[in-house]
Amino acid sequence: MRMYDIIMKKRNGGELTKEEIRFFIEGYTKGDIPDYQVSALMMAIYFQKMTERETYELTMAMADSGERLDLSAIHGIKVDKHSTGGVGDKTSLALTPMVAACGIPVAKMSGRGLGHTGGTIDKLESFPGFSTALTTEQFIENVNIIGIAIMGQTADLAPADKKLYALRDVTATVDNMSLIASSIMSKKLAAGADAIVLDVKTGSGAFMKNEQDAKALAEEMVKIGKNAGRKTIAVISDMDQPLGYAVGNALEVEEAIETLKGKGPEDFVELCLTLGSRMLLAGGKTDTAEEAVEMLKRVIEDGSALKKLAEFVKTQGGDETLVYHPELLPKASVQKEVLSPREGYISRIICDEVGICSLILGGGRETKESEIDLSVGLVLQKKVGDYVKAGEILAVIHANDEDKAKEAERRLLAAYTIGDEKPEKQPFIKAIVQ
Ligand code: URA
């Protein structure tokens with residue numbers, strides 16, 4: 001078999017066989033097939049697309065490219081959750097302790113971020129001492145003892161995806177449905193959970209800019225999960241403006257803590273309850289979504305979800321007192337208020353621009369080697385549909401550099417559209433695919 005023939009077949013619109021897919025994935029993982037040939041194939045896939053069968057075979061080949069975690073030593077049904085990514089997405093920070101407090105074991109692999117803000121691991125490092133460098137044995141033990149553990153992705157988990165994703169990132173081939181679906185699902189399948197709940201975002205801050213594409217991606221991933229024998233559910237939610245109000249690492253941790261105290265932003269709470277209820281259903285905790293939502297609300301009201309977060313932070317080496325004293329989280333030196341230039345209704349916030357503001361302030365990574373500033377970011381005060389007076393605060397920028405704060409202010413003002421008409425409220429949860 002030759003890589004050249006595989007590229008040509010796909011370039012001409014052919015359907016690759018399981019053997020051809022395995023040949024290029026195995027060859028690329030071992031280093032036998034060079035980046036330039038795989039780049040050409042990725043671009044051919046980008047334009048010619050993949051069939052459902054090809055996407056499934058690609059997922060399985062990538063899942064088999066390294067070790068597969070065996071979580072059978074964890075008691076109960078293990079439920080994993082994955083987001084396709086967005087701005088202000090602090091969901092795992094609040095959702096995982098909520099679900100664990102309801103008695104469903106959460107064994108989660110998370111990543112660091114490349115882009116707007118950090119990933120879940122970066123955010124959790126706002127707790128001094130916190131570490132996700134667990135061995136598989138510690139990971140399993142923590143889940144069995146306290147019901148929750150989050151581990152950094154090991155180098156050997158779906159290594160083909162790791163290489164391929166980095167290559168796609170620099171060759172403009174990320175936003176293809178089959179490539180995204182296989183990338184996410186290969187990692188989830190290799191990570192060993194029994195059930196997978198997917199948080200698929202749509203809008204200006206998401207890979208899938210429109211709802212139709214988000215739905216197609218969700219359906220593709222649900223089919224892959226089912227074919228691989230895992231219960232898989234996808235929730236499609238709005239990412240046309242940031243999730244909640246906070247964007248930035250420690251700022252998002254603080255918002256997640258407030259949410260666990262019952263004071264969370266409306267959209268974020270709705271997302272946690274929707275995803276959480278599907279996780280409880282998948283984990284066999286109850287038979288109805290309504291009952292699951294009640295259970296999740298109860299663990300917030302009685303404080304057990306917050307306590308679970310503190311227990312989790314402490315078990316992984318972090319200072320849990322910050323859960324009860326979030327004012328001690330990393331703080332930026334400059335707080336700059338961004339004022340509205342006019343009166344009216346917020347009709348639009350270009351979501352990825354808000355993410356870029358956080359990146360400019362130092363809250364995200366431009367390259368894999370970049371250091372993240374955990375303290376910086378933005379806290380929006382006004383979101384779509386809100387009324388604002390001229391001179392009223394739209395957002396507060398948290399910065400450690402005056403020039404960066406000014407640049408973020410300029411971009412943030414350009415990201416807001418303020419009009420005379422109150423925009424119609426759009427549903428936040430768009431659909432559930434199962
Ligand atoms: N997240 C992933 O893990 N992979 C993609 O391809 C896109 C988003």
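The expected span of a helix is 1.5 Å times one less than its number of residues. In this predicted model, helix α14 covers residues 304-315 and has 12 residues. From its first C-alpha to its last, α14 reaches 16 Å, close to the 16 Å expected at 1.5 Å a residue.

Several residues of α14 are buried: A305, L306, K308, L309, A310, F312 and V313. An α-helix has 3.6 residues a turn, so residues three or four places apart point the same way. After α14 comes G317, with a positive phi near 90 degrees.

Another helix, α7, spans residues 136-146 and holds N142. Is N142 buried or exposed? N142 counts as buried because its relative accessibility is 11%, and buried means under 20%. Leaving aside residues up to four places away in sequence, N142 touches L134, G147, I148, A149, T315 and Q316. One of these, T315, belongs to the residue range of α14.

The table sorts the lining residues of the second largest pocket by class.

| Class of lining residue | Number of residues |
|---|---|
| Nonpolar | nine residues |
| Polar | seven residues |

Note on methods. Residues numbered from 1 in each chain as written. Predicted model: local features only at pLDDT ≥ 70, side-chain atom pairs only at ≥ 80, totals over all residues. Heavy atoms only, no water. Helix = DSSP H or I, 4+ residues; strand = E, 2+ residues; numbered from the N terminus. Buried < 20%, exposed > 50% of the residue type's maximum accessible area, 1.4 Å probe, protein only. Nonpolar A, V, L, I, M, F, W, Y, C, P; charged D, E, K, R; others polar. Contact = heavy atoms within 4.5 Å.
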